[in-house]
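I opened this notebook to record what I looked up in one structure. The entries run from the whole chain down to single residues.

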Amino acid sequence: MPASPLAQRWAAVLIESAYSPMSRRKLTQHLDEHVARLSAGQAALAIGEWLVRKRFTGPDSLRRTLEVLAPELPAEALGALAAGYVRATRDQLFAEQEKVKNALLKAVEDAQRDLHDSETRFAQVFATTAVGIAIFDLHGTVVEANESLATILGHEEMPKELFTEADGIALAAACARMIASSVDTDRRERELTRSNGDTVWANVVLSVLRGSDGLPKFHVALIEDVTEQRMLQEWLRHQSLTDLLTGLPNRASFTDKLESALASGEPHTLGYLDVDSLTIVNDGLGYAAGDAVLVEVARRLRAVLPDAVVARVGGDEFVVLIHGSPDVAALAAMIDEELSEPVYLEGTGVAVSTSIGFVHTSGAGVDPTAVLRRAHSTLRRAETGGKRQWAIYDHEADFADRTRFARIAAMPGAFENGEISVEYSPVSWVSGSLAFVEASLRWGATRHDEVVTYADALGLAARVGQLVLHDACSRGEPVLVRLSRDQSRDPDLAAHVRSTMRACAFPASSLFLALDVRSMPDGEENLEVLHDMGVHVLLHEFGGGFAGLSTVDRSPVWGVRLARPPSERLARQGLALMVPLLRSAGVHVIGGPGDPDELHALGVDLVVS
């Protein structure tokens, strides 16, 4: 199987930036495996170490690797890869520094036996290594240093004073502490100052050189410039906390800021914003236009709320954190007014609105994740009222929503464990004789209408529909089955019904299938196909609106099952006038459950007990 294009591009830049004895074909195979692991969020550290181990350590190897991978992999994976690369480079450096140190020690010891040879070897290592070397006496004064160290510290030639005064004092103090604590080696990253005042970050290994009598004679410092790696790590850290499109803090960064604000115990207001109709801009003008709108929304939010923390936490979702408890109605109006001014994209004036959920909070110890969830829940509740809405957190409404959502989330497990069952109620003609039974779903105290609504919300409509349909057909008696909205407009509905009837040897003439009138006209094709199969098709939740009556008029509907009767007088009078109209069109009307006398007076044909 050929390697992925990403692996091939990666192999190309590695071959250009560094030498390794590995063939291009074998390298590409390895990189293809690494790309798969990185995409799955695995082994990023190990892959960075692998690059160093395989000698892909040219001056541009890491930078060009990140440039190739950045468009297709998350910042977290790139950060971990870079961290593994840096760590392996550092370990390799420390190993080299240890070799240098040992060479220096050996040179000093051999000097007593063969002064000329040892001085030659020491001079060769001292002069040619890329590692900066400084030798200190026991008072912390530099007695010798190589050209590499002078270069690292920004000197064009060896100066009289190599280190700045502050750096020299710090290194001398570190040497003194080593002698005092009988420690022979000290490894750490230090911040040094170049001759022009710039900062250089360096891995510094300080070691004690002892004489043949075991007493300290000198200190040696091995210094490697890691400023570029340090800057790269800072850049990756910044990228991991910043939304790349808008430049705003992302969710991880905002959560930290929210936690710090809440820890202060002072009052704050969190607003969770959803940009309305961004999908229309994306689909109508293209994703570049949608991105431009998001960038403009970010800019305007920062402009209208200069003292707030503004962050982008999702595709079209933003949050604002405001100190204090402002008037949220005025705040929402101010944001809406700011965003309502069109932004022109290639001559098209585009404006957006936002729906907002607000939460007031104060007091230390509040969980930032819980506050974000409350604000998001409040936003979703506001959006049920349409576009450009706002709402403020309501504990009781939030508790009810959480209870309902928890129930919905548990449905797949209940379905797998057989907790959802099918029960049957008789449907009789008004004369009293049994016409057929109606199948209904039951999940504990949750009845059919809620069960199918939950199934639609989770995308389980087809599976739940197959459960009730198979159970109903297995009984071998005429049965009415009510379908949810999603089941009613499912393009595979007719195929499922046909296969179920075939598996149960159930005649189509005994199946009464009620589609939800609210799914029309999307489900009208299912009405016609099922009718052609010989199934009796009905509409349920029928309230007599124009759309429902139009569907009855143009579709082969056997009957309608009335929605729950309204309590208002005028609505009930309208229903009483509609029933004879439906019957005159040859449509059977099913009512109930309810008061039998009232249903008979209404003029229905069949009653659900």
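The entries below follow the order in which I consulted the model.

**Basis.** I worked from a predicted model, in which local features need pLDDT of at least 70, side-chain atom pairs count only at pLDDT 80 or more, and totals for chains, interfaces and linings use all residues. Residues are numbered from 1 along each chain as its sequence is written, and side-chain values use heavy atoms, with hydrogens and water left out.

**Whole chain.** I noted 24 helices and 20 strands in the protein chain; these are DSSP runs numbered from the N terminus (helices H or I, at least four residues; strands E, at least two). The radius of gyration is 38 Å, well over the 25 Å that the globule rule gives for 609 residues, so the chain is more spread out than a compact globule. That radius is taken over C-alpha atoms, and the rule is 2.2 Å times the number of residues to the power 0.38. I recorded spans of about 125 × 60 × 55 Å for the C-alpha trace along its principal axes. Of the 609 residues, 44% count as buried (under 20% relative accessible area; exposed is over 50%, partly exposed in between; 1.4 Å probe, protein chains only).

**Cores.** I looked up nonpolar cores, meaning sets of buried Ala, Val, Leu, Ile, Met, Phe, Trp, Tyr and Cys residues joined through side-chain atoms within 4.5 Å. The largest has 56 residues, and V481, V497, L511, L530 and V560 have the most contacts inside it. Leaving aside neighbours within four places in sequence, V497 is in contact (heavy atoms within 4.5 Å) with L469, L511, L513, L530, M533 and V535. A second, separate core of 32 residues includes A3, L31, I47 and L62.

**Strand β1.** I asked how many residues of β1 (residues 132–136) are buried. The count is 5 of the 5, so the strand is largely enclosed by the rest of the structure. G132, A134 and F136 point one way, while I133 and I135 point the other. Strands pair if DSSP finds at least two bridges between them. β1 pairs with β5 (residues 216–225) in the antiparallel sense over 5 bridges, where G132 has I223 as its partner.

**H155.** I found H155 in the loop between α7 (147–152) and α8 (165–181). H155 is buried, with a relative accessible area of 17%. Its side chain reaches the backbone oxygen of L162 at 3.1 Å. Not counting residues up to four places away in sequence, H155 touches A150, E161, L162 and S195.

**Backbone exceptions.** Most residues other than glycine have a negative phi, and most peptide bonds are trans. I recorded a cis bond from M520 to P521, with omega near 5°, and another from G592 to P593, with omega near -5°. A43, in the loop between α2 (24–39) and α3 (44–53), has a positive phi of about 60°. E541 has a positive phi near 60° and is found in strand β17 (residues 536–542). E541 is partly exposed, with a relative accessible area of 24%.

Conventions. Polar contact = N/O pair within 3.5 Å; in protein donor to acceptor, adjacent residues only side chain to side chain.
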